[in-house]
Amino acid sequence: MPRFTTVALVAGAALLVRRAVRSRMSTAPLWPMPALDEPVSGYGRGRTVPRRVRVARRTEPAEGVVELRLEGRALPAWQPGAHIDLVLPSGLVRQYSLCGDPAEAGAYTVATRLVEDSRGGSREVHEQLHEGVEIEIRGPRNRFPLADAPAYVFVAGGIGITPVLPMLRAAEAAGADWRLVYCGRGRATMPYLAEIERLGGDRATVVAEDESGRPDLGFLADVPASAQVYCCGPDGLMDAVTAALPEGRAPRLERFSAAAPTGGTAFEVELRRSGRTVKVAADQSVLAAVREEVPGLMYSCRQGFCGTCQQRVLEGEIDHRDELLTDAERADSMLICVSRCTGKRLVLDL
């Protein structure tokens, strides 16, 4: 098959835990939790058991980027594309892609860029997670798995290289044809650049915007049907990649921020075990409506990332808008902070 090239730019929600939640958790927290204004914590149905890890190594693979090697006991296996939740000392939860070697037992590697205008997660990682610090993690989970294919086109850029890097290694080990264009503001800001260039050779095109501007995505129109296309980055990049592909083709996407919620229509939600029914307005989330009847219901990010508000659905058609649940989980559950109903009525096991 002809060789082709690919591009990328890249670039996930808050868990605040009350002392009162401790009695509901199966394991004690690792540090005293701060008192907060409202009870917004807990672990939703289907969430993985929290695990304690230690920051064994901290490096800076690029300007503004910190890499953490997290070591712990009995860490679950993972596959390329997976991420873990870091429960930060303040109680915030942030999601980071695993970028190490899946074959290495007892350690996970993540990297994060300092985002000046973020809600504080990246700054807390950069300022507080030093070697020897113990934190809690959840996961791994994978909504961005690497499918079997003879060829791949990867779209990655900046810190978005983190979920792609293990994919490149796996594709190379499998003998698959792959192409990458790795983009960033400048070479000094692009983590793992040396490994990318060493691993990819002429299959990896590095585009530093301060040198050559934005990459041309026109080549995507000629991507063979046998190739899987992966893109990790901001909405604008994903939209551009999707538009550049032939009609009917869709890339596999990974977001580092929640998709903007769209509108909906009003519907009812029956809380089967509680024996109550609530009305959900067109401009209201299921979570907000249900908490009017069940004030102590746990939640966290309100963006469809953390899974704290995951609930089992007994009846009704779900309009899934989250960035977390697997296809199997979506068959009978939803994240009520963002997802809605496509009809007039939902029944929750609440």
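Analyst: Helices (H or I, at least four residues) and strands (E, at least two) are DSSP runs, numbered from the N terminus. This is a predicted model, in which local features need pLDDT of at least 70, side-chain atom pairs count only at pLDDT 80 or more, and totals for chains, interfaces and linings use all residues. Residues are numbered from 1 along each chain as its sequence is written, and side-chain values use heavy atoms, with hydrogens and water left out.

Now to strand 5. Strand 2 pairs with strand 5 in the antiparallel sense over seven bridges; two strands pair if DSSP finds at least two bridges between them. Leu68, for instance, has Val110 of strand 5 as its bridge partner.

In a regular strand the side chains alternate between the two faces of the sheet. In strand 5 (residues 107-113), seven of seven residues are buried, meaning under 20% relative accessible area with a 1.4 Å probe, protein chains only. One side carries Ala107, Thr109, Ala111 and Arg113, and the other Tyr108, Val110 and Thr112.

Note on methods:
Buried means under 20% relative accessible area, exposed over 50%, partly exposed in between (1.4 Å probe, protein chains only).
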